[in-house]
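Visitor: I have a structure open beside its sequence, and I would like to go through some of its side chains with you. Could you take my questions one at a time?

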Amino acid sequence: MLRRLPTSRLLALIAVVIVALSGATAIAMAALSGSGPTPPAKPLDVALHDAVTAPAVDGITARITFTNRLIDKSSIGGSSPLLSGATGRLWAAGDGRLRLELQSAGGDAQITSDGKTVTVIDATQNQAYKIALPADAGPSNGHADTPPTLARIDDLLKQLGGDADVSGARPSNVAGREAYTVRISPKHDGGLIGAGELAWDAANGTPLRAAVYAAGDPTPVLQIEATNISFGKVADADLSAPIPSGTKITNIDLGSRGDTGHDGSGAPTGNDPKSVAAQVPFTLSAPDSLVGLPRKSVRAISQGDSKGALVTYGAGLGGIAVLEQPADSKSAGAPAKGGDHGLQLPKVSINGTDGQELATALGTVVRFSRGGVQYTIIGSVPPAAAEAAARAL
């Protein structure tokens, strides 16, 4: 499916996934108001343990604002609220169902989930995505719903501390609610990502604000917040959004958790360039290093009957991934027209071949086709580094 998508559709899908996961993870977000009462100071582990063991709320209703500074508006057309940001509303039930509605002058976007499938409807693109979320690959150990103990949280924080700087639980007030805020910044190999912040309700543990910062930028690149929030049962009608007639629907199955390979075990199908090269119908390009980053893995991948390869370089968030798949006439580098409703990406020349480039505050995507192979280079790196990696393939 990714191979067949035009680059502008791929961009929209990336934005869709970001918004959907943000909505599912941070059910009701709120801006730090800087006023109002704050909770008593607590160690981070205690504040987290209190949050995960707090009584569950029956439901959440909120007015929200979604901010997206990820993409320079001068480099891409279109008015989708998923790309440009918007205001809207959010409803979430205690059983995991939710609906996020983003409203803009150009049209609305709706995101709904029943916990197993996320449906995203973008009216500005006449497009809907139905995303089947990963399911547990193995049998339950009987402790899936058991909150982690304080000792377990301490172990997790210790592991996280090896790769990131983690602030304490800062007492704050979020949309009139007493809250704790934590900031996490990568220590190394962070690429263009500077930090992430999460605030949660001190009384019930509900996440209240989520933000992602680019390196060196004090203003969030992505943020979702609520202007007001209330707790209580949510009507079933508020949790559904029908797909309009005539909308193009794209189905995406993310597979089981840990299902990165296709040999029946969930393990990657090979990490040796020669064995992977024998599985793909094209000449694999997997140099030992790329723009100074050592090769870390080579995996064979499948999308239906299409065989491809995923090659990764470097470590951490600052690494680069190269997706190689058979090209067809619909996946060439020319900008999409007509059905993309004005979404256009800048062109880039890769050794004389026309490609497309999406440069964002958090990373770069370069896509081009050559010799019957489509290459997609993705990394939290500046455009010059992504282009250099593409030209070295």
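**Side chains, patch and salt bridges**

Guide: Gladly, and please keep in mind that this is a predicted model.

Visitor: Is Leu160 buried, partly exposed or exposed, and which residues make the nonpolar surface patch with Leu160?

Guide: Buried would require under 20% relative accessible area and exposed over 50%; Leu160 has a relative accessible area of 32%, so Leu160 counts as partly exposed. The nonpolar surface patch to which Leu160 contributes covers about 180 Å², and the residues that make the patch with Leu160 are Val166 and Ile184.

Visitor: Which side chain does Gln110 join in a polar contact?

Guide: Gln110 lies in strand S4, residues 107–113, and with a relative accessible area of 12% Gln110 is buried. Leaving aside neighbours within four places in sequence, the residues in contact with Gln110 include Leu100, Glu101, Thr119 and Ala241. The polar contact between side chains, at 3.0 Å, joins Gln110 to Arg99.

Visitor: How far apart are the closest N and O atoms in the salt bridge of Asp50 with Lys42?

Guide: Both partners are partly exposed, Asp50 with a relative accessible area of 30% and Lys42 with one of 27%. In the salt bridge that Asp50 forms with Lys42, the distance between the closest N and O atoms is 2.6 Å.

Visitor: Asp217 and Arg69 also meet in a salt bridge; how many residues apart in sequence are the parts that this pair ties together?

Guide: The side chains of Asp217 and Arg69 meet at 3.0 Å, N to O. Asp217 lies in the loop between strand S11 (207–214) and strand S12 (222–231), while Arg69 lies in the loop between strand S1 (59–68) and helix H3 (81–84), so the separation in sequence of the parts tied together is 148 residues.

Visitor: Which residues are joined into one network with Arg209 and Glu197 by salt bridges that share partners?

Guide: Arg209 and Glu197 form a salt bridge whose closest N and O atoms are 2.7 Å apart, and this pair links strand S11, which holds Arg209, with strand S10 (residues 193–201), which holds Glu197. Both are buried, since under 20% is the limit, with relative accessibility of 5% for Arg209 and 10% for Glu197. Through salt bridges that share partners, Arg209 and Glu197 are joined into one network with Arg170 and Arg183.

Visitor: How many salt bridges does a search of the whole structure find?

Guide: The pairs discussed above include Asp50 with Lys42 and Asp217 with Arg69. Across the whole structure, the number of salt bridges found is 12.

Key
Residues are numbered from 1 along each chain as its sequence is written. This is a predicted model: local features need pLDDT of at least 70, side-chain atom pairs count only at pLDDT 80 or more; totals for chains, interfaces and linings use all residues. Side-chain values use heavy atoms; hydrogens and water are left out. Patches are made of residues with over 30% relative accessible area and no salt bridge: like charges are joined within 9 Å, nonpolar side chains (Val, Leu, Ile, Met, Phe, Trp, Tyr) within 5 Å. Accessible areas come from the Shrake-Rupley method with a 1.4 Å probe; for residues, only the protein chains shown count as cover. A salt bridge is a side-chain nitrogen of Lys or Arg within 4 Å of a carboxyl oxygen of Asp or Glu. Buried means under 20% relative accessible area, exposed over 50%, partly exposed in between (1.4 Å probe, protein chains only). Helices (H or I, at least four residues) and strands (E, at least two) are DSSP runs, numbered from the N terminus. A polar contact is a pair of N or O atoms within 3.5 Å; within protein, one must be able to donate a hydrogen and the other to accept it, and residues adjacent in sequence count only if both atoms are side-chain atoms. Contact means heavy atoms within 4.5 Å.
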